[in-house]
Amino acid sequence: MSEHSGYSGYSEKDVQREVTELQGKSATAARLFDIRRIIGGLFVVYGVIVTIAGLTASDAQIDKAEGVNINLWTGLGMLALGLFFLAWLKLRPTAPPPPDAVPGEQRGE
């Protein structure tokens, strides 16, 4: 008999526990890297920067834009869009995959 006769030293309970842990880590990673979080965060950060630029705009800059403080309005719009994405993420979080779903496996075949 060879050294590797198919026995790995893990019980069925150990394997099931490890699979459950990996599924939990996978779901956490999926929520962490949700595209809504990234887009919302970037729009909020850039919105704050552009809004500050609009609040500190000189009269010459406003006259250049024909009397419209474009930085202020664009920054406020970016802030609103970013907050929308973050609220959407909070109100409709990513659902974890069903426990019986196995990636790459087709049903009915």
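Start by selecting Asp34. Setting aside neighbours within four places in sequence, Asp34 is in contact with Leu89 and Thr94. You are looking at a predicted model. Asp34 sits in the loop between α1 (12-32) and α2.

**Stop 1**

How many salt bridges does the count give? The count comes to one.

Is Asp34 buried or exposed? Asp34 is buried, because its relative accessible area is 10% and the cut-off for buried is under 20%. Arg36 is buried too, at 9% relative accessibility.

**Stop 2: the whole chain**

Zoom out and colour by secondary structure. The protein chain has four helices and zero strands. From the N terminus, the elements read α-α-α-α. Helix α1 covers 12-32, and α2 covers residues 35-55. Helix α3 spans 59-64, and α4 spans 70-91.

Of the 109 residues, 16% are buried. Among contacts between residues at least 6 apart in sequence, 72% join residues at least 24 apart.

**Stop 3: a nonpolar patch**

Leave the surface on. Select Phe33, Ile35, Ile38, Leu42, Val45, Tyr46 and Ile49. They form a nonpolar patch on the surface, with about 700 Å² of accessible area together.

Pick Tyr46 out of this group. Where is Tyr46 placed? Tyr46 lies in helix α2 (residues 35-55).

**Stop 4: Asn69**

Hide the surface and go to Asn69. Asn69 is in the loop between α3 (59-64) and α4 (70-91). The Asn69 side chain reaches the backbone oxygen of Gly54 at 2.8 Å.

Which residues is Asn69 in contact with, leaving aside neighbours within four places in sequence? Select Gly54, Ala57 and Ile62. Asn69 counts as buried, at 16% relative accessibility.

**Stop 5: Glu66**

Stay in the loop between α3 and α4, and select Glu66. Check its backbone torsion. Glu66 has a positive phi of about 60°, although it is not a glycine. Most residues other than glycine have a negative phi. Is Glu66 buried or exposed? Glu66 is exposed, because its relative accessibility is 74% and the cut-off for exposed is over 50%.

**Stop 6: rings in α4**

Finish by showing aromatic side chains. The count comes to three aromatic pairs. One of them is Phe85 with Trp88: this pair is tilted, 5.8 Å centre to centre, with 50° between the planes. Both residues lie in helix α4, three residues apart, about one turn of the helix.

Phe85 is buried, with a relative accessible area of 16%. Trp88 counts as partly exposed, at 38% relative accessibility.

Ring pairs link Phe84, Phe85 and Trp88 into a cluster.

Terms used
Residues numbered from 1 in each chain as written. Predicted model: local features only at pLDDT ≥ 70, side-chain atom pairs only at ≥ 80, totals over all residues. Heavy atoms only, no water. Salt bridge = Lys/Arg side-chain N within 4 Å of Asp/Glu carboxyl O. Buried < 20%, exposed > 50% of the residue type's maximum accessible area, 1.4 Å probe, protein only. Patch = residues over 30% accessible without salt bridge, like charges linked within 9 Å, V, L, I, M, F, W, Y side chains within 5 Å. Areas by Shrake-Rupley, 256 points an atom, 1.4 Å probe, with all protein chains shown as cover. Helix = DSSP H or I, 4+ residues; strand = E, 2+ residues; numbered from the N terminus. Contact = heavy atoms within 4.5 Å. Polar contact = N/O pair within 3.5 Å; in protein donor to acceptor, adjacent residues only side chain to side chain. Phe/Tyr/Trp six-rings, centres within 6.5 Å; stacked < 30°, edge-to-face > 60°.
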